[in-house]
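I opened this notebook to keep track of what I looked up. The entries follow the order in which I checked things.

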Amino acid sequence: MSELRMSELVTELTAQAEKLDAADELAAKRAEFALDDAVYLDGNSLGALPANVPARVEDVVRRQWGSLRIRSWDESGWWTAPERIGDRIAPLVGAAPGQIVVGDSTSVNVFKAVVAAVRLAESAGDGARDEILVDATTFPTDGYIAESAARLTGRTLRPVTPSEVRDALSGRTAAVLLNHVDYRTGRLHDLPGLTAAIHEAGAYAVWDLCHSAGALPVGLDEHGVDLAVGCTYKYLNGGPGSPAYLYVRRDLQPRFDSPLPGWNSHAEPFGMNPSYEPATGAPRGRVGTPDILSMLALEAALDVWEGVSIDQIRAKSLALTDFFLHCVAAYVPEGRVESLTPTAHRERGSQIALRCSDAGEVMKRLIAQGVIGDFRHPDVLRFGFTPLYVGYGDVERAARVLGEMLV
Ligand SMILES: *Cc1c(COP(=O)(O)O)cnc(C)c1O
């Protein structure tokens, strides 16, 4: 591209970005995060730090732990934090209160959910259901855990792509584990349609929301999802290793039979009874003592959602990814990258994945120039767009730096 043409493009696209930023009703939210001049497009891996978190964590450590000590289990609300914080995540994923419990990692919650889903199928009197379907394109941990869950429950694990699920469903299917958004390509799967198809086949649906919660509407209650899990350190900005969550639909809770029935899930945890009796409601999904420091950091991080609707987030997320694709098409030489993310809005999450021949090296250089995305083996540049703190100027700059690098 000629230098003149390039400078015209920059003028045109920066003007467009300025206009979009000026009209952005979420623009002020950025000030609620600790950010620098870098363009941070890795919130789909580790969300940025909300500015109020350090002081809250300091209070939890110094006052609640340091001074109140054991009293904090009651007086600082430590004991009930898993359900209380679950109820704060609930509106973001379309769940009424009392169905989400926070704790453990996503991997552990996948285990609880898949085993519990098979047990639900069994308790429905359907012992003939000997198969578990799992998304063959899943983030690997879900597949590993599903394999173990299948072995433990004496079922056969059948990996299928989400587009093959409908054909693979049968009277043999006990449970299906799917991702709402593909971590690699950013493809958004049809949660309402697939959940309905799974139910039609008499099976139970487990959805992994790691890449959708906090980025787009999920509608767990509306679509009758049975069980769901997700992490809180991506679009929910809970911090490194912040605890994950488990959703069990209210009417299934009495039949939810946890494979990890720790004392925190007991009806009377302090009764110290040698025999197990499960709690009612969401606490049934708990295991052991909650990781209070991470959990309360997450609780503080959720304050940034005050006054924000998930529909607003979705609208801006789509506008950001549209604008990024537009700028990439303008700045990056033809044929140098190929988007793996669907162009149709109904099939797009909140990230853009670009296939690029020397992606690992390109991402290193992008990061050195202040454009932070990530690299996924073998040839994918991944850019996540967090509407709470990414602006259109960031998007233009990221695409421009990428284009300069690929000439
Ligand atoms: C991020 C992610 C995980 C992470 O699992 P952890 O147990 O929290 O490490 C799991 N599944 C999917 C689909 C993810 O995107």
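Before using the record, I noted that UniProt positions are given in the numbering used here, and that its annotations may be inferred rather than shown by experiment. I also noted that the model is predicted.

**Entry 1: the record**

I looked up the feature "binding site" in UniProt, where the entry is unreviewed. The record places this feature at Thr106, Ser107, Phe139, Pro140, Thr141, Asp142, Asp208, His211, Tyr233, Trp263 and Thr289. I found these positions spread over 184 residues of sequence, and also spread in space, up to 30.6 Å between C-alpha atoms. For "modified residue: N6-(pyridoxal phosphate)lysine", again from an unreviewed entry, UniProt lists Lys234.

**Entry 2: the ligand**

Which residues surround the ligand? I listed Ser105, Thr106, Ser107, Phe139, Thr141, Asp142, Asn179, Asp208, Cys210, His211, Tyr233 and Lys234. By class, I sorted this shell into three nonpolar, six polar and three charged residues. Helix H5 (106-123) and helix H6 each supply at least two residues of the shell.

I then checked distances to ligand atoms. A backbone N or O atom of threonine 106 is 3.4 Å from an oxygen atom of the ligand. For aspartate 142, a polar side-chain atom is 2.8 Å from a ligand nitrogen atom. For tyrosine 233, a polar side-chain atom is 2.7 Å from a ligand oxygen atom. The ligand has 390 Å² of accessible area on its own, and the protein covers 86% of this area.

**Entry 3: proline 140**

I found proline 140 in helix H6, which runs over residues 140-153. Is proline 140 buried, partly exposed or exposed? I noted it as partly exposed, because its relative accessible area is 34%.

**Entry 4: tyrosine 233**

I placed tyrosine 233 in the loop between strand S9 (227-230) and strand S10 (245-248). Tyrosine 233 counts as partly exposed because its relative accessibility is 26%. Setting aside neighbours within four places in sequence, I listed its contacts as Ser45, Leu46, Gly47, Gly238, Gly239, Gly241 and Ser242.

**Entry 5: lysine 234**

Lysine 234 is also in the loop between S9 and S10. Why did I write down lysine 234 as buried? Its relative accessible area is 7%, and buried means under 20%, so lysine 234 falls in that class. Not counting residues up to four places away in sequence, lysine 234 touches Gly43, Asn44, Ser45, Gly47, Cys210 and His211. With histidine 211 I found a polar contact of 3.5 Å between the two side chains.

**Entry 6: glutamine 253**

I located glutamine 253 in the loop between S10 and helix H9 (292-301). I noted glutamine 253 as buried, because its relative accessibility is 7%. Its side chain reaches the backbone oxygen of glycine 98 at 2.9 Å. Leaving out neighbours within four places in sequence, glutamine 253 is in contact with Gly98, Gln99, Val248, Gly281, Ala282 and Arg284.

**Entry 7: lysine 29**

Where is lysine 29? I found lysine 29 in the loop between helix H1 (3-22) and strand S1 (33-34). At 11% relative accessibility, lysine 29 counts as buried. Apart from residues up to four places away in sequence, lysine 29 touches Val304, Glu306, Val308 and Leu388.

Notes:
Residues are numbered from 1 along each chain as its sequence is written. This is a predicted model: local features need pLDDT of at least 70, side-chain atom pairs count only at pLDDT 80 or more; totals for chains, interfaces and linings use all residues. Side-chain values use heavy atoms; hydrogens and water are left out. Helices (H or I, at least four residues) and strands (E, at least two) are DSSP runs, numbered from the N terminus. Buried means under 20% relative accessible area, exposed over 50%, partly exposed in between (1.4 Å probe, protein chains only). Contact means heavy atoms within 4.5 Å. A residue is near a molecule or strand if one of its heavy atoms lies within 4 Å of it. A polar contact is a pair of N or O atoms within 3.5 Å; within protein, one must be able to donate a hydrogen and the other to accept it, and residues adjacent in sequence count only if both atoms are side-chain atoms. Accessible areas come from the Shrake-Rupley method with a 1.4 Å probe; for residues, only the protein chains shown count as cover. Ala, Val, Leu, Ile, Met, Phe, Trp, Tyr, Cys and Pro count as nonpolar, Asp, Glu, Lys and Arg as charged, and the others, Gly among them, as polar.
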